[in-house]
Amino acid sequence: MPTLEEVDDIDAPPKLQRYIEPFPRPVATPVRTSKEKTKFEILLENQIRNGTDQWAPFANQEEWELAVWLMKNVGQTSTDEFLKLPATRDRMNLSFHNNRSFLKRVDALPTGPNWECEIVTAPGDQCGEDGEIVGEDMELWYRDPVECIKELLSNPAFKDSISYVPERVYTSSDGDDRIYDEMWTGDWWWDTQTKLPDGAAIAPLILASDKTQLSQFQGDKKAWPVYLTLGNISKEIRRRPSVHATVLLGYLPVPKLQCYSDATRSLAGYRLFHHCMGKILASLVEAGKTGVEMVCADGFVRLIYPILAAYVADYPEQCLVSCCMENCCPRCTVDPNNHGNSTPSPDRDVPSTLETLYAQEHGCEPEKFTRDGIRAIYKPFWRNLPHCNIFGCFTPDLLHQLHKGFFKDHIVKWCTSLVGEDELDARFKAMSGYPGLRHFSKGISSISQWTGTEHREMQRVFLGVIAGSVDQDVLTVMRAALDFIYYAQLQMQTSTTLAALKTCLATFHRFKDIFIKYEIRKHFNIPKIHSLLHYFASIQALGSNDGYNSESPERLHIDFAKDAFRASNKKDYHEQMALWLQRREAMWQCEAYIAWLNPQQQAADEHELSNINDPDNLNDLDTNDQANPHDASGVDPTSYRIAKTPPLRGVTVQHLFEHFGATNFIPALTSFLQQQQSHPLLPNTSDRFDLYKQIIITLPPNTFLNSQKISNRIRTSPAVPPRGRKKGSPGVFDTALIIDDPMEYRSRSGLAGLRVAQVRAIFLLPSYFGTHPHPLAYVEWFTSLGAPDPQTGMYVINRSTRQHRPNGTVISTARIVRGCHLMGQFGNTIAKGWTTDNILDKAKNFYLNPYIHVDTFTTANIN
């Protein structure tokens, strides 16, 4: 084992460090010692030379900001009308007065790679009225991928988010536990780098294509965008649409192909796809063989080898790209009738596939052609791409394979057959609340439009919903399936988590025949279940799955397809879409340039945006950080946010009893004060208190997710009675994990030292009782966490009592670690009268739900 270098990760918990094994040969060596100017530096130099400022060709910052707003939100006709309004023309003193002059200034901005249009002809096999073969001409719009790569690599905005060097990363110096997160930590990059000369650098291409509908009521208008991004750019950056780290490479034609007979039309469409993709990617063939010198974001020139590494697509499109039938696996040669088998099959191989296609084309009819389900696409676009194993490029599709396919289309359907639709709906209706958790108030059977959001919301509570209504083997299968889904979406994988992922899948296959026993299934020959076998190899080769989610292209469709189409006149729209996008990209590039000139303002804008997008954001928040003092118990305070001024002032003790359920408030506060002081002034029913409605606990970043901090909102809101036309709302008193044993909490990981309590009231200690560095909370305890339930893997707890009364205590808010979600045990049949509003009071036993958030799942399961 080579010497490993320890690299500090400021976001990592103390027990998880990154030990890097560097690549043993020179990589990404600059071809010259001197730096070249980046495109932003060249632009700045030109502006200084020409005597213009950063807002040129617009007059000033205000005019630039108006231009950005117009380009983003207003169509060309409306822009013309707006600019011709007397209020606009006479008062704003703009340098452009109509849409034409406005677009002339936009077109003066620096742009990205140029668009090209090529006419592609499908020869057809049908004769027209004149007896001649009828063909179909169509437009292929695309950009040179090498130029797009240059554009991305040279963007100074990505300077601190780009890597050129493959690494092997471990959690410890002994190198036993490997880390897989970014693409450069996977085996593909390391192995491919060994095939290139010393000093060379790889630009791993990530392609995505997905046909999408453009019009709902104006004809059958479709677009087929092809997107490109690079594995050099950190996945946390390239996943964000706002930074534009993914570019539109082209629009594939979507023809009707009426010039072909019904029998040949489909195959002609497949061949057309490969022909067009071959034209788009043609420049990669030579560039991948010899490399191309490119100016990088740090100003150095490197010899870059652009190589196709990953292809993001749904299952039908994966089959299209791999030239296989849709009942086959695009990655391996599994028998189409054996998708339910857990035994891996041999991977598809590029050389042998091309040999088989050649033999089939020349009339040899090899057995492998039929056995492997290969389509007669004799010139696949990937046949000449250097160092490209197209079958290994296909990445897991979390949205369609896991959330929709595996979970919604199969797991939920099977359990509905076992439990019954009405019973399942009743359980979802009565599920206890949690901040941000969707409440299925009408159950799930009535939902007609499913999205990935609904699938994930169901997963958060599904095990608790079905527990008690199905037998142990079914519950084991469901738990294994949910655990697999949660492990698969981790944004950092290790050898340990991959082993857990394998165990989950093995458990699922070992017990899945229970559904055959109950006559729910006759077989498991389901391609989406088979695809789960390939998750391990994909993660080890290319890094964690979140870098290749098919939800990203679907989000990009809004900017690159749907908005562009709406900006056109709906006729010959591809040309208009390309022009509109070129202008939009020019604006985006200028925004990035301005941010590069003003990095402090950019950081402030990003901070403001993060607050706007934070669902737990409050106005006038007071923030506690780690610099604040310990409370009297010696507990290190958690980081929290709370309103600067309590919104509920002068609340009486009687009001706390009646509306907050704080029945033991006075004895609990008395005990707290006696522990804090030797001779305290004791509270009574005449005292009044200032109360908060919620507190937001800020958790440290979870290395298995991303670098962003996570917020937990804990609500203590009394019921609001109806008033006039406004409906009332029930009281909400959330549960939380609270430090019960400080020593155990500090010395161990996971949930050690923590205990669940329901937070009834958060209040300020009146000054005449003394001072305390933090607000206080009245909580009612549940029983301590013992061993997890062997069937569900979840902790089972119930309410703690003293002398048949709730076990209430006053604590410092510094002891609240995170919010948590409790699910009532429904039993075989849900009790009548249980609702989402009363389940915490009606149920006797509760599951502590680890699936409420991936962060909670990792805390409970990965130590």
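Leaving aside neighbours within four places in sequence, which residues is methionine 478 in contact with? Select Met478 and look around its side chain: the residues in contact with methionine 478 are Ile411, Cys415, Phe462, Leu463, Ile466 and Phe515, once neighbours within four places in sequence are left aside. Keep in mind throughout that this is a predicted model.

**The cores**

Together with Met478, they are the residues with the most contacts inside the largest nonpolar core, which has 108 residues. Now colour helix 19, residues 472–488; the largest share of this core, 12 residues, comes from that helix. Then clear the view and select Tyr142, Ala268, Cys276 and Ile390. These are among the members of a second, separate core, one of 65 residues.

**Helix 1 against helix 25**

Show helix 1 (39–50) and helix 25 (residues 573–597). Two packed helices are described by the angle between their axes and the distance between the axes. Here the angle is about 80 degrees and the axes are 11 Å apart. Angles of 65 to 115 degrees count as roughly perpendicular, and helix 1 and helix 25 are therefore roughly perpendicular to each other. To see the contact, display Lys39, Phe40, Glu41, Leu43, Leu44 and Gln47 on helix 1, then Gln589, Ala592, Tyr593, Trp596 and Leu597 on helix 25. Sorted by class, the contact has seven nonpolar, two polar and two charged residues.

**A cis peptide bond**

Follow the chain from helix 1 towards helix 2 (61–73) and stop at proline 57, in the loop between these two helices. Select Ala56 as well: the peptide bond from alanine 56 to proline 57 is cis, and its omega is near 10 degrees. Most residues other than glycine have a negative phi, and most peptide bonds are trans.

**Two positive phi values**

Go to leucine 257, in the loop between strand 10 (247–252) and helix 9 (262–280). Its phi is near 55 degrees, a positive value in a residue other than glycine. Is leucine 257 buried or exposed? Leucine 257 counts as buried because its relative accessibility is 4%, and the cut-off for buried is under 20%.

Last, select histidine 804, in the loop between strand 25 (801–802) and strand 26 (805–806). Phi of histidine 804 is near 65 degrees, again a positive value in a residue other than glycine.

Technical notes
Residues are numbered from 1 along each chain as its sequence is written. This is a predicted model: local features need pLDDT of at least 70, side-chain atom pairs count only at pLDDT 80 or more; totals for chains, interfaces and linings use all residues. Side-chain values use heavy atoms; hydrogens and water are left out. A nonpolar core is a set of buried Ala, Val, Leu, Ile, Met, Phe, Trp, Tyr and Cys residues joined through side-chain atoms within 4.5 Å. Buried means under 20% relative accessible area, exposed over 50%, partly exposed in between (1.4 Å probe, protein chains only). Helices (H or I, at least four residues) and strands (E, at least two) are DSSP runs, numbered from the N terminus. Contact means heavy atoms within 4.5 Å. Axes are lines fitted to C-alpha atoms, for helices over the stretch in contact, and angles run from 0 to 180 degrees between N-to-C directions. Angles under 35 degrees count as roughly parallel, over 145 as roughly antiparallel, 65 to 115 as roughly perpendicular and the rest as oblique. Ala, Val, Leu, Ile, Met, Phe, Trp, Tyr, Cys and Pro count as nonpolar, Asp, Glu, Lys and Arg as charged, and the others, Gly among them, as polar.
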